[in-house]
Amino acid sequence: MANGLDEMTGPVNEQGRDVNVIQKQIPVKVGVGSTIFQVILWVLGIIPGVIFLFMKINAAKYLRQLEQKIQKDASTIDNYLEQRVVILQNAAKLLDKAIDLDKDTFSKIAAYRSGTNTNADAARNDAQQNIDKLFGQISVAFENYPDLKAHNEIETCLQQNSYLQKEITSARELYNDTVYRWNADIQAWPTKMIVAAKNGYTTRIPFSASAEVKQAARGTFF
């Protein structure tokens with residue numbers, strides 16, 4: 001019997017294949033079977049029913065705590081994003097160029113942290129993309145005026161931006177790990193999934209790279 005996947009003969013996609021994070025939150029739903037399951041536990045006796053009731057209480061507590069962990073991880077990213085905005089705005093002023101950042105960026109970041117934005121997971125990615133666009137504009141300015149790279153203050157801004165980008169990357173990995181845990185746990189039947197469905201929980205959207213970053217990654221560096 002031949003191998004199901006033969007790396008020697010293909011088929012092979014010569015153009016390669018890009019992947020993207022899907023910006024969609026999927027609500028947790030349970031069917032009639034979950035209701036029947038809970039009814040059966042009570043029919044079998046009060047003890048099984050009470051035990052499962054306490055299991056649901058503990059599951060609800062666990063998911064609330066995990067949700068707070070996600071908020072903490074997200075707030076860490078927001079703090080770094082806000083600092084990066086300040087650094088890039090300072091760099092833009094030093095360049096004396098009309099490089100503008102969306103005036104709502106700071107208010108949006110504040111809304112993410114306060115929890116008033118119901119679509120914060122997706123909107124946070126949008127904020128990151130806006131910041132990447134600003135950095136792209138500043139990079140173009142550096143290319144047009146190479147002598148500015150020797151400016152001490154501008155060099156400091158670039159170093160700070162590089163440091164903050166590394167911190168953002170680390171914070172995003174931590175956030176994505178927690179989001180993955182959330183997305184897996186709310187699908188864990190029966191206890192957590194039943195609790196998640198009752199509370200109207202949905203999956204959360206992990207951080208993804210902006211179009212500008214993906215395009216830059218395809219460039220020639222050496």
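Glu67 and Arg204 form a salt bridge, with the closest N and O atoms 2.9 Å apart. A salt bridge here is a side-chain nitrogen of Lys or Arg within 4 Å of a carboxyl oxygen of Asp or Glu. The pair links distant parts of the chain, 137 residues apart: Glu67 sits in helix H2, and Arg204 in the loop between H6 and helix H7 (211-217). The model is predicted: local features need pLDDT of at least 70, side-chain atom pairs count only at pLDDT 80 or more, and totals for chains, interfaces and linings use all residues. Residues are numbered from 1 along each chain as its sequence is written, and side-chain values use heavy atoms, with hydrogens and water left out.

**Overall build**

- The chain has seven helices and zero strands. Helices (H or I, at least four residues) and strands (E, at least two) are DSSP runs, numbered from the N terminus.
- Buried residues make up 32% of the 222 residues in the chain. Buried means under 20% relative accessible area, exposed over 50%, and partly exposed in between (1.4 Å probe, protein chains only).
- Of the contacts between residues at least 6 apart in sequence, 81% join residues at least 24 apart. Contact means heavy atoms within 4.5 Å.
- The chain exposes about 14400 Å², and carbon and sulfur atoms supply 56% of it. Accessible areas come from the Shrake-Rupley method with a 1.4 Å probe; for residues, only the protein chains shown count as cover.

**Confidence**

- The average pLDDT of the chain is 79, and 68% of the residues score at least 70. pLDDT is the predictor's confidence in each residue, from 0 to 100.
- Where pLDDT is low, the predicted coordinates should not be read in detail.

**Salt bridges**

- The count comes to three salt bridges.
- Arg204 is buried at 12%.
- Asp73 and Lys69 meet through their side chains at 3.0 Å, N to O. Both lie in helix H2, four residues apart, about one turn of the helix.
- An α-helix has 3.6 residues a turn, so residues three or four places apart point the same way.
- Asp73 is buried, with a relative accessible area of 2%. Lys69 is partly exposed at 28%.
- Asp185 and Lys192 form a salt bridge at 3.9 Å, N to O. Asp185 is buried at 13% relative accessibility, whereas Lys192 is partly exposed at 24%.

**Nonpolar core and Trp182**

- The largest nonpolar core has 25 residues. Such a core is a set of buried Ala, Val, Leu, Ile, Met, Phe, Trp, Tyr and Cys residues joined through side-chain atoms within 4.5 Å.
- Leu63, Ile77, Tyr175, Trp182, Ile186 and Ala196 have the most contacts inside this core.
- Helix H2 (46-95), helix H5 (152-185) and H6 are the elements that give two or more residues to the core. H2 supplies the largest share, 11 residues.
- Beyond residues up to four places away in sequence, Trp182 touches Leu63, Leu66, Glu67, Ile70, Tyr201, Thr202, Thr203 and Arg204. Both partners of the Glu67–Arg204 salt bridge are on that list.

- Ile87 is found in helix H2. Ile87 is buried, with a relative accessible area of 11%.
- Leaving aside neighbours within four places in sequence, Ile87 contacts Cys157, Gln160, Asn161 and Leu164.
- Ile87 and Asn161 are 74 residues apart in sequence, yet 6.5 Å apart in space, C-alpha to C-alpha.

**Around H6**

- The peptide bond from Trp189 to Pro190 is cis, with omega near 10°. Pro190 lies in the loop between H5 and H6.
- In helix H6 (residues 191-198), Thr191, Met193, Ile194, Val195 and Ala196 are buried.
- Just after H6, Gly200 takes a positive phi of about 70°.

**Annotated segment**

- UniProt, in an unreviewed entry, lists residues 36-55 as "transmembrane region". UniProt positions are given in the numbering used here, feature names are shortened, and annotations may be inferred rather than shown by experiment.
- In the model, residues 36-55 are 95% helix and 0% strand, and the end C-alpha atoms of the span lie 17 Å apart.
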